[in-house]
Amino acid sequence: FVQSYSAGRAVIVAGDTNLKRRIAADERVLLDFAGGLNLEDVGQLMGMPDHIDRFFFRSSPEVELKPVLWRVADEMVDPSGANLSDHPAINVDFEWRKLR
């Protein structure tokens, strides 16, 4: 889907992958996915701990994307303070600029 609809465009792909780089089979899936779409893993790029929530991105000739902050999104909790998922959510802030 990403390849079909975003060829030549800047893109951000994010989600709960349930994959860990320390598990060889998971590492292969992540490398194949990112490599096949020319995506960078923000967590890897920014030296953050391995987490099952992932943000991948790529720039284009027209738009440059740059991740500037990776953090645990501690605001993503219910009224009692419990995570909304089975793990803490991740937030990434990006800067972007038009190149053309």
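Here is a short tour of a sheet, one of its strands, a cavity and a loop.

Some ground rules: this is a predicted model, where local features need pLDDT of at least 70, side-chain atom pairs count only at pLDDT 80 or more, and totals for chains, interfaces and linings use all residues. Residues are numbered from 1 along each chain as its sequence is written, and side-chain values use heavy atoms, with hydrogens and water left out.

Stop 1: Show the cartoon and pick out the three strands that form an open antiparallel sheet in the order 1-3-2. Strands here are DSSP runs of E with at least two residues, helices are runs of H or I with at least four, and both are numbered from the N terminus; two strands pair if DSSP finds at least two bridges between them. Strand 1 (11-16) and strand 2 (40-41) sit at the edges with a single partner strand each, so one side of each has no neighbour in the sheet. Next, select helix 2 (residues 24-37), which packs on the sheet and touches strand 1 and strand 3. Its direction makes about 20 degrees with that of strand 3 (axes are lines fitted to C-alpha atoms, for helices over the stretch in contact, and angles run from 0 to 180 degrees between N-to-C directions).

**Stop 2: strand 3.** Strand 1 and strand 3 pair over six bridges, and alanine 14 stands opposite phenylalanine 55 of strand 3. Now click phenylalanine 56, also in strand 3. Is it buried or exposed? Phenylalanine 56 is at 3% relative accessibility, so it counts as buried (under 20% relative accessible area; exposed is over 50%, partly exposed in between, with a 1.4 Å probe and protein chains only). Beyond four places in sequence, phenylalanine 56 touches residues including Leu30, Phe33 and Asp41 (contact means heavy atoms within 4.5 Å).

**Stop 3: the cavity.** Select Asp41, Gly43, Gln44, Pro49, Asp50, His51, Asp53, Arg54, Phe55 and Trp70, which line the largest cavity. A cavity is a set of points on a 1 Å grid over the protein atoms alone where a 1.4 Å probe fits but cannot get out, and lining residues have an atom within 4 Å of a point. Strand 3 gives the largest share of that lining, three residues.

**Stop 4: the loop.** Finish at serine 60, in the loop between strand 3 (53-58) and strand 4 (63-72). Serine 60 counts as buried because its relative accessibility is 11%. Leaving aside neighbours within four places in sequence, serine 60 contacts Gly8, Arg9, Ala10 and Leu99.

Note on methods. On a 1 Å grid over the protein atoms alone, a cavity is a set of points where a 1.4 Å probe fits but cannot get out, and a pocket is an open set with protein on both sides within 12 Å along at least five of seven lines; lining residues have an atom within 4 Å of a point.
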